[in-house]
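Q: I have a structure open and would like to go through it with you. Could we begin with the aromatic residues?

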Amino acid sequence: MLEANRKFVERSVRFRINSKADADDVLQEIYLTAYQKFSQLKNKASFKAWIIRIARNKCNDYFRKKAMQYEIPIEDLTETKISDSRHGILIVNTVRETLNRLGDKDKQILYLYFWKEMPQAEIAKRLSIPIGTVKSRLHTAKRNFKNKYSNLYLSDVSKGEYCMKKIPGFLPEYKIEVSTKEPFSVKCEELMGWFLVPKPGEKISWGMYDIPSRKCNRLFDMEVTGKAKVHGIEGVELTAREASYSDKRDVVNRTFIAQLTDTHCRYLATLTYDGGVKNYITFLDGDEFLLNWGFGEDNCGNEINLVPKGDIQKTKTVVVSCDKDFLLDIVGRYTITIGEKSYDTVCVMDIETYNCGVVSEQFLDKNGKTILWRRFNRDDWAIHRYNKKWSEQLPENEKLTINGITYVHWYDCITNYILY
């Protein structure tokens, strides 16, 4: 089994780790861990997904050690942006992502100069190098960072005025009431995190709202633009345009390809820019794709025929779950009242399937459409970045206790489906 997947694992690791020697060391750790824990793998058919998770964890361990070695507390860096991933509404640290693609010397010099705010002379003394070398390294690092950042996040930006469809500036008041009726099964064909059904002719607009201000922060307008194939697999191409609510000229365009079957919905590829060249990253590209877009074993995608499984139990604000990967389940039936409209829904809870420390509640009606989506942060999520627990930052916001740990409500999303 290992030999059949060795090339895939090595390609994934070497993509993430530039140093060949370091990559070789990490690969040895991966293979050793796989050998030691192979007896714990119950389903041998899942070997590929299992060893990919091991590889991902070992790579993360490597970067954590590097951060400590070069005194770069990655979690402490502050700039954030909406992530173009299968959870588009999740926040990722774009500085962190860009730094991960730089060399060690670039990371070190940028951190000391910008985050530690050390003068160049002090940096020279600390690193035992001439000040001229500091200036040269700093110039090169800033140029490399700018190029990497632009390629990752600032590609294909529209400067024209942009009008979103019917999305209000403030989140309407809503009420969530527990229903005494049994949860219903539902067929939800929406793409995880983006709310669009990947079928020809489909369109949707949606907004993201800060809590407790209820003010709209970001707007999204999406549509299916046509059919597409990735490695012989048929799907559809989708475009997403994102804008700041306060500055609709600030628009970013994204393109990706997804597939809908009778049982699952998944992403197949995403379009990125590499030095101005369009580059499609696909489901065969290992962690480069799977970490941001993959879901399920071997990227099978999320199930569309949802039924209560009992993996997650929710009683008011207390949640208990089992220990398994891809933890997503129907946790109850609720009546959602938004303005003058009421909706009979089930709540689908997602516990840290994509972003560690993040939980979501997605309320679906019987048509499988999202009525309301809510995000909760673990109380210590990104605490080094924000320097406060979320219960201190947002003391009035709703809280959940999940397996004994506190999670705090951060923001909500609604689509124009509820505004028709």
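**Aromatic cluster, helices and cavities**

A: One aromatic cluster is formed by Trp194, Phe195, Trp206, Phe220, Phe256, Tyr267 and Trp293. Please note that this is a predicted model.

Q: How many aromatic pairs are there in the whole structure?

A: A search of the whole structure gives 19 aromatic pairs. In one of them, the ring centres of tryptophan 194 and phenylalanine 220 are 5.8 Å apart and the planes lie at 85 degrees, so this pair is edge-to-face.

Q: Where do tryptophan 194 and phenylalanine 220 lie?

A: Tryptophan 194 is in the loop between β5 (186-187) and β6 (203-210), while phenylalanine 220 belongs to strand β7 (residues 216-230), so the pair ties together parts that are 26 residues apart in sequence.

Q: Are these two buried or exposed?

A: Tryptophan 194 and phenylalanine 220 are both buried. Another pair is made by tryptophan 381 and tryptophan 390: their ring centres are 6.0 Å apart with planes at 40 degrees, so the pair counts as tilted. Tryptophan 381 is buried because its relative accessibility is 6%, and tryptophan 390 is buried at 2%.

Q: What sits over the ring of phenylalanine 283?

A: The charged end of arginine 266 does, 5.5 Å from the ring centre. Lysine 366 lies over the face of phenylalanine 184, also with 5.5 Å to the ring centre.

Q: Which residues of α2 are buried?

A: The buried residues of α2 are Asp22, Ala23, Val26, Leu27, Ile30, Tyr31, Thr33 and Ala34. An α-helix has 3.6 residues a turn, so residues three or four places apart point the same way.

Q: And what about α5, which of its residues are buried?

A: In α5, the buried residues include Asp106, Lys107, Ile109 and Leu112. Just after α5, glutamate 117 has a positive phi of about 55 degrees.

Q: New topic: how many cavities of 30 Å³ or more does the structure hold?

A: There are four cavities of 30 Å³ or more, and the largest cavity holds about 200 Å³ of space. Its lining has 16 residues, of which Met192, Asn302, Leu328, Val348 and Gln362 are the closest to the centre.

Q: Which element gives the most to that lining?

A: Strand β18 gives the most, with three residues. By type, the lining of the largest cavity divides into eight nonpolar, five polar and three charged residues.

How values were computed. Residues numbered from 1 in each chain as written. Predicted model: local features only at pLDDT ≥ 70, side-chain atom pairs only at ≥ 80, totals over all residues. Heavy atoms only, no water. Buried < 20%, exposed > 50% of the residue type's maximum accessible area, 1.4 Å probe, protein only. Helix = DSSP H or I, 4+ residues; strand = E, 2+ residues; numbered from the N terminus. Phe/Tyr/Trp six-rings, centres within 6.5 Å; stacked < 30°, edge-to-face > 60°. Lys NZ or Arg CZ within 6 Å of the ring centre and 35° of its normal. 1 Å grid on protein atoms, 1.4 Å probe; cavity = no way out; pocket = protein on both sides within 12 Å on 5 of 7 lines; lining within 4 Å. Points joined across faces, edges and corners; volume = space filled by probe spheres on them. Nonpolar A, V, L, I, M, F, W, Y, C, P; charged D, E, K, R; others polar.
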